[in-house]
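Welcome! Please take a moment to look over the sequence and the structure below, and then we can walk through a few of its features together.

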Amino acid sequence: MTHLAIRGLTKRFAGQTEAAVADLNLEIDSGSLVALLGPSGCGKTTTMKMIAGLLEPTAGDILFDEQSILRIAPERRGAVMVFQNYLLFPYMTIAQNVGYGLKIRKIDRAEIDQRVREILEMVRLPGIEDRRPKELSGGQQQRVALARALVVEPKLLLLDEPLSNLDAHLRFELRDLIRDIQQKMGITTVFVTHDQEEAVVLADKVALILDGRLRQYAEADMFYKRPADEATARFFGGQNFISGTASNGVFEGPLGRLALPEDAPEGAGKLTFRPENVRTGEAATGENTLRAKLVNKIFLGTQTRLRLAVGDETITAIANPNDVENYLVDQEVPLALPPSALWVLTH
Ligand SMILES: Nc1ncnc2c1ncn2[C@@H]1O[C@H](COP(=O)(O)OP(=O)(O)O)[C@@H](O)[C@H]1O
Ligand SMILES: [Mg+2]
C-alpha cells in the first residue's frame, strides 16, 4: 500500500500561455480510491501521465510514501495506467497480453501462467487465455486491460476514464467490479472521470479540477452540502444562488431573513441550496417558510420539478409528486428552506 503525495505539481506545455496543470496539491491515503474529476481539457490525463512518468512536470514534486519518484524511470515506479481505449496488443493472446508485464520482469513461466489465471478469475473472465482481443467485446477488453495492470501488483493504479467507451449497463457493472477489486487488493488508486456520478459512487474522496485548478478535495457528500464555490456547486447540479449577506447566523437578501446552519461562513456572498432540499407544498413545514408563485411544474415520474418565483428571484425545487399535486401554475405555493440545507458562498 502506497501513500501518494502531489505537491505544487505544474505542467506548462511549450507555446501555451495557461498551464495545463497549475500548482496541484493532493494527499492520497494508502489503499484509498480518489477520483480526479473535471471537464474535458482540465488537465486530468496530464496529471496521470506525470505520476506514471510519461511526462515530466514543469515544477512540483510527486512522492510515493514520502519518497520523490521524479528521478525514477517510469517502469520502476510501480504505477500502472489503464486508458480509455484498452490498448491491448492485437496479435497476442489474452494470456500473453495479461502476462506481458510479468514476462519483462523475468518471472518464470509456471508462475506467470498461474498469476494470469488468478487475475482473469478476479476480473470475472476465467478461461479466456487463448482468445485474441478482437474476439472480445469492449467491456471484456477493458477487463483484460485491468487484469494486465493488476497482475504486476502495482503500488499505484491509475485509471484514465476507463469506462467512457462502454455502454451504460457495462459501465455500471465494471464500475462495481473495479471498486470490489480495489478494496480487496487494497491498491491506492486514482480514477479519472468527467462524470460526477461515477466519481461520487466510486471514490473515497473526490478532487474536483476546473480550469486547471483544484477547487475542492473532499468526501463526495461535501460537494453537495458544503461546496467550495459557485462553479463547484453548479458542476454538482446546484441551481439556486441568491445574493445577499450572512451575519449572526442569518442570511439577509431578496428572500428576506433566513436562519443559517451554525457553521455557515459570514459576509457578503451567495446563498445556495439544492433543489431536492427545498420543501414545497404539503412538505413546507418548519423554519424559514416562504410563499412563492408556481411558475411551472414538470412531472418526471418519481419526482416533480418546480420553478418558483419569490419576488424577482427564481427557485428550482424537486418535490415528491404527492406533496405538490394540488398546486397549479400561477397559484401560491408554500415553501420551506430548512437551515441545514442552506450554505453560503463567500468567494
Ligand atoms: N502534448 C501536449 N502538448 C500540448 N498541449 C497539450 C498536450 N497534452 C495536453 N495538452 C493540453 O493540456 C490541457 C489538458 O489536457 P488533458 O490533460 O489531456 O485534459 P483532460 O485529460 O482533463 O481532458 C489541454 O488544453 C490540452 O490541449
Ligand atoms: Mg483525458
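This is a predicted model: local features need pLDDT of at least 70, side-chain atom pairs count only at pLDDT 80 or more; totals for chains, interfaces and linings use all residues.

Is the crossing of α3 and α5 right-handed or left-handed?

In it, the crossing of α3 with α5 is right-handed. Ile-94, Asn-97 and Val-98 of α3 make the contact with Val-144, Ala-147 and Arg-148 of α5. The axes of α3 and of helix α5, which covers residues 138–150, are 7 Å apart, and the two helices pack at an angle of about 30 degrees.

## A nonpolar patch

Now turn to the surface. Here Phe-89, Tyr-100 and Ile-104 form a nonpolar patch, and together they have about 270 Å² of accessible area.

You can find Phe-89 in the loop between β6 (79–82) and α3. Phe-89 counts as partly exposed because its relative accessible area is 31%, which lies between the limits of 20% and 50%.

Most residues other than glycine have a negative phi. Asp-23 is not a glycine, yet its phi is positive, at about 50 degrees. Its place is in strand β2, which spans residues 21–28. With a relative accessible area of 52%, Asp-23 is exposed.

Lys-106 also has a positive phi, of about 60 degrees, although it is not a glycine. Look for Lys-106 in the loop between α3 (94–104) and α4 (109–122). Lys-106 is exposed, and its relative accessible area is 73%.

Definitions and conventions:
Residues are numbered from 1 along each chain as its sequence is written. Chains are lettered from A and ligands numbered from 1 in the order in which they are written. Side-chain values use heavy atoms; hydrogens and water are left out. Helices (H or I, at least four residues) and strands (E, at least two) are DSSP runs, numbered from the N terminus. Buried means under 20% relative accessible area, exposed over 50%, partly exposed in between (1.4 Å probe, protein chains only). Patches are made of residues with over 30% relative accessible area and no salt bridge: like charges are joined within 9 Å, nonpolar side chains (Val, Leu, Ile, Met, Phe, Trp, Tyr) within 5 Å. Accessible areas come from the Shrake-Rupley method with a 1.4 Å probe; for residues, only the protein chains shown count as cover. A salt bridge is a side-chain nitrogen of Lys or Arg within 4 Å of a carboxyl oxygen of Asp or Glu. Axes are lines fitted to C-alpha atoms, for helices over the stretch in contact, and angles run from 0 to 180 degrees between N-to-C directions. A crossing is left-handed if the near helix is turned anticlockwise from the far one by less than a right angle, and right-handed if clockwise. Contact means heavy atoms within 4.5 Å.
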